[in-house]
Amino acid sequence: MSASDNKNTVQTDMDQGDSIDKVSGSKDLKKAEKERKKAEKLEKLKAKQEKQAQQDAMKKDGDEKKEKKKKEKSVITYDIPTKKGEKKDTSCSMPDAYSPDYVEAVWYDWWEEQGYFTPEYGGRDPQNTSYDDKFIIVIPPPNVTGKLHLGHALTSAVQDCLVRWHRMRGKMVLWNPGCDHAGIATQVVVEKKLMREKKLSRHDLGREKFVDEVWKWKNEKGDQIYHQLRKLGGSYDWNRTCFTMEPKLYRAVTEAFIRLHEMKKIYRSVRLVNWSCTLNSAISDIEVDKKDIPGRTLMAVPGYKEKVEFGVLVSFAYKVEGSDDEIIVATTRIETMLGDCAVAVHPDDARYKHLHNKFIKHPFFERKMPVVCDDFVDMAFGTGAVKITPAHDPNDYEVGMRHKLPFITIIDDKGNITSDCAQFAGMKRFDARKAVLQALKDKGLYRETKDNPMVVPMCSRSKDIIEPLLKPQWYVDVKEMNAAAIKAVETGDVRIIPDMHIKTWNNWLGNVRDWCISRQLWWGHRIPAYFVTVDDPSVPAGTDTDDNYWVCGQTEDEARKKAAEKFNVSADKISLRQDEDVLDTWFSSAMFPFSIFGWPDETPDLSAFYPGTLLETGHDILFFWVARMVMMGQTLLGKLPFKEVYLHAMVRDAHGRKMSKSLGNVIDPIDVIHGITLEKLHDKLVESNLDEKEIKKAKEGQKKDYPVGIPECGTDALRFALISYTSQGRDINLDVLRVQGYRFFCNKMWNATKFALNCLGDNFKPTETPQLCGKEKDMDRWILSRLSYAVGQCASGFENYDFPTATTACYNFWLYELCDWYLEYLKPIVYGSDEDSKATCRNVLYTCLNVGLRLLHPIMPFVTEELYQRLPRRQSNEPPSLVVTPYPLEKDYTLRDARLETAVGFAQNIVKSIRSIRADYNLTPKTKADVYLKCSDEETANTLQAFTEKIQTLSNSSSIVILVNQDPPVGCCMSTVSAKCETHIMLKGLIDVGKEISKLQGKQETLGKQLKKLQDTSTSDDYCSKVPEDIRNQNSEKMDQLSIEIEKLSQGLKTLATLQ
């Protein structure tokens, strides 16, 4: 290579290097530019994000302010300073919307302070008022424990609407409030409280101190229920409030026991009772929950770590003495075989003829047991042989009595096996269940175990399994009492409503056993019976079970005197021991209608208010309380306690389930009145006595039924819902959220009255009487006709205890007749220039408001009082409150005009048809259409002619043209009103036909696809075998509905095609 080549090469390299540098520099510049642009973008993005964040923050702040403002707006309260008991100030303007919190404030305290709820109001004298001019009712006294539930709210609502109705009709009314001491329930609550707070049992304290603790608890918590009853609007005479353990009632209960014992109606005996091992007490049948189980089931039992097996039938063999024969018997309570004393067979059962008069051997004891013949045995059930345990089974008890068998108790008060039961002694009863089964297997006597559907009796308070035990108890001989109670209903002296419950009344009273009235508790009316020991050799010692050695008295001194006379010895020879037990709560409740008035003394209240007029309660306590009040009233006073018994239905949840804490569906009525969040509903569960699993289950139930909690509904809406639901028969499936719909009804009334008062004007003075002036037009006479109808329906509803008739009449009048039609009709008149028409309409409107509020007051006391107080009065001497204002009577409202109602109803149907078409084609309120009414005859046309102006106004139409046998112009949409009239609305030019057609076709296509999918599914080969019947029925209904909708769309498309 030459030098020049080198030079050139170097030069080339230099050039290339220079070129590379240039390229490199260019890339750097581009990169820098790119980075700069990127940075600018990031800066812009950052600025944009900051701006957006600022806007979001401003929006959030604005939303929060709006939300806060919204919340502030929604919470309307009555803030005018008003002293307790003073009248509410209604001179201020009405709030824009109905608020239960605002409306329900102050009124109750004023009603109570004015004495409206007392029978003496207005200076009336109960002693000098005839029985027929009184309405007397006592509260079914709620338990002093805890709070009210919706069942109590129903009772209060139904009773109060009757009480207010009778009071407004001029009757002297007494509704006597009170509370029950609730022996078992209260003792359990206080015992749990003592253990939780002080780690003490009642036995640690002793009886006297424990009872003091219960009184302390009652005085602290006992008024909660009264506050709730006030909140529910109950118009009780609070001056006569009573408590079943107060001295007046305590004395009456004691006296009743003494008199019945002296009449030989109360006696002492050893019999089987429902025994709660946890409570260590006998309990009444109503306190026993009967749990149905389908077969083998493991259940939690108090005092046992592991669950206990129920729902199985265990078969085992007894060996026949002196032979190789055996008898196989079966039982669901294998542990009770320790107390067996016989085996029973049916006398006609050929399988066991050879064993008559034979004996069998007990495998664990030296006990010979006879084979007895008794026709109570069902030959077809099991082996046809039944083990007999008289001391632990009600049926076996009867067999034992008939055959004079020994009664062997093998389970003690605490649920343990007694000491004379060999290797099983001291075991817990359900531990012994396993041990006995194993012992039978070891001896080769076990045969089989199989599932057995059964009913397990449980203590409603402790959830323990009830054990039938033999106990010395006090009983009421009810045979004659029951017969008298049955006769009282048969003769009509007591009327039971609905009469379907008479059969239950007769069945119960005709078959019931004597009533066990003693309870092994410390809280309650202590039995005033004393066991007598006589320090005299001429008088043999008695036994606890011998009724002859018991005397009764209000005091120990009185009892001692009676004992001395009875045994013909001096008082100093007598030693007394008072029975430790207390009386069944239902015993004291049976005296309630007369004990509250001071019986056994002949007090003014007893002579004035006994007997009562009505007893209203739930049908579930027809026997436990109602029948026993009748029995005691007849026996002790010779008078029935009331003339009528109205039994309301039981409240269940929206799904028809019984109210149960573990389901989470027990709702406090106060939570419906004020509203409550889901979280607070959950919190209430945590505060209850439920275990963790039950709380979890209950929370799930609450979340499903009340996902956003319960809205504030108010007292009036709750009462209206409960009363209107009473037509459902035995059970009321109450959807709590439906109550909110009646709050909307209150709001509608509120707005209607507010508008009406504006129509009346500040200077309006109603005429002194609601008579017609002669200038009323059709719609005026129509609304008065409908008002007369509502008055008649309310009278019928209340008189016949058909409350839904009254609620429906009020609801329809206010909502569908006054608000939807008459007020709309009024607007052009009120805003027009015809003063005569204005004056007439205003008086008619006032009558509607005045009467409508009075009709509704017994059901919705608060909102009606609030609105009524804002109305002017016809006369200056009218009563100061709706509570004591006369209820509208049928004789004063006789303005029914059936012909006019039919004509107006026809016009209303036309308006509805026009509104329906307008809605179908989305016509806005500003868009007015011409309407043609095609009539088939002159008579129909003439009827409608009088209503054309009203139809035009109420349907928002531009004109109404009546045609007789003429076709309307092309471009109308038609709807059939009746066989004699069609509505045609001119749509041509008012709607975008192409757009409407496209919309309907799209909807038709969508529905068609849904229908085809269901049709394809339902015609598949395995459809019937794989798809449940209820789903198939649902699919069938869906297909029918889709077919109807598609047909409607087809008709709509045909109509639209004529408009093109």
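**Close-ups of a predicted model**

View 1. Residues are numbered from 1 along each chain as its sequence is written, and side-chain values use heavy atoms, without hydrogens and water. H4 covers residues 150-168 and H24 covers residues 778-799; their axes come within 11 Å and cross at roughly 120° (axes are lines fitted to C-alpha atoms, for helices over the stretch in contact, with angles from 0 to 180 degrees between N-to-C directions). Helices (H or I, at least four residues) and strands (E, at least two) are DSSP runs, numbered from the N terminus. The crossing is left-handed (the near helix is turned anticlockwise from the far one by less than a right angle). On the H4 side, Cys161, Leu162 and Trp165 make the contact, meeting Ala795, Phe798 and Glu799 of H24 (contact means heavy atoms within 4.5 Å). Five of these residues are nonpolar, none polar and one charged.

**View 2. H24 also packs against H25.** Here the partner is H25 (residues 803-830), with an angle of about 170° and axes 8 Å apart. That makes H24 roughly antiparallel to H25. This crossing is left-handed too. Among the residues in touch are Trp782, Leu787 and Phe798 of H24, and Phe813, Trp821 and Tyr825 of H25. The contact residues split into 16 nonpolar, three polar and three charged.

**View 3. Four strands line up in an open sheet.** The order is S6-S5-S18-S20, and the pairing is antiparallel (strands pair if DSSP finds at least two bridges between them). S6 (281-283) and S20 (515-516) sit at the edges with a single partner strand each, so one side of each has no neighbour in the sheet. S5 (residues 266-276) joins S6 through three bridges, and Ser276 stands opposite Ser281 in S6. Helix H10 (residues 394-403) packs on the sheet and touches S5 and S18 (467-476), its direction making about 140° with that of S5.

**View 4. Two Phe rings make a pair.** A search of the whole structure turns up 50 aromatic pairs. In one of them, the rings of Phe597 and Phe609 have centres 5.9 Å apart and planes at 40°, so the pair is tilted (centres within 6.5 Å; planes under 30 degrees apart are stacked, over 60 edge-to-face, the rest tilted). Phe597 lies in the loop between H16 (592-595) and H17 (604-609), while Phe609 is in H17, twelve residues away.

Note on methods: Predicted model: local features only at pLDDT ≥ 70, side-chain atom pairs only at ≥ 80, totals over all residues. Nonpolar A, V, L, I, M, F, W, Y, C, P; charged D, E, K, R; others polar. Phe/Tyr/Trp six-rings, centres within 6.5 Å; stacked < 30°, edge-to-face > 60°. Parallel < 35°, antiparallel > 145°, perpendicular 65-115°, else oblique.
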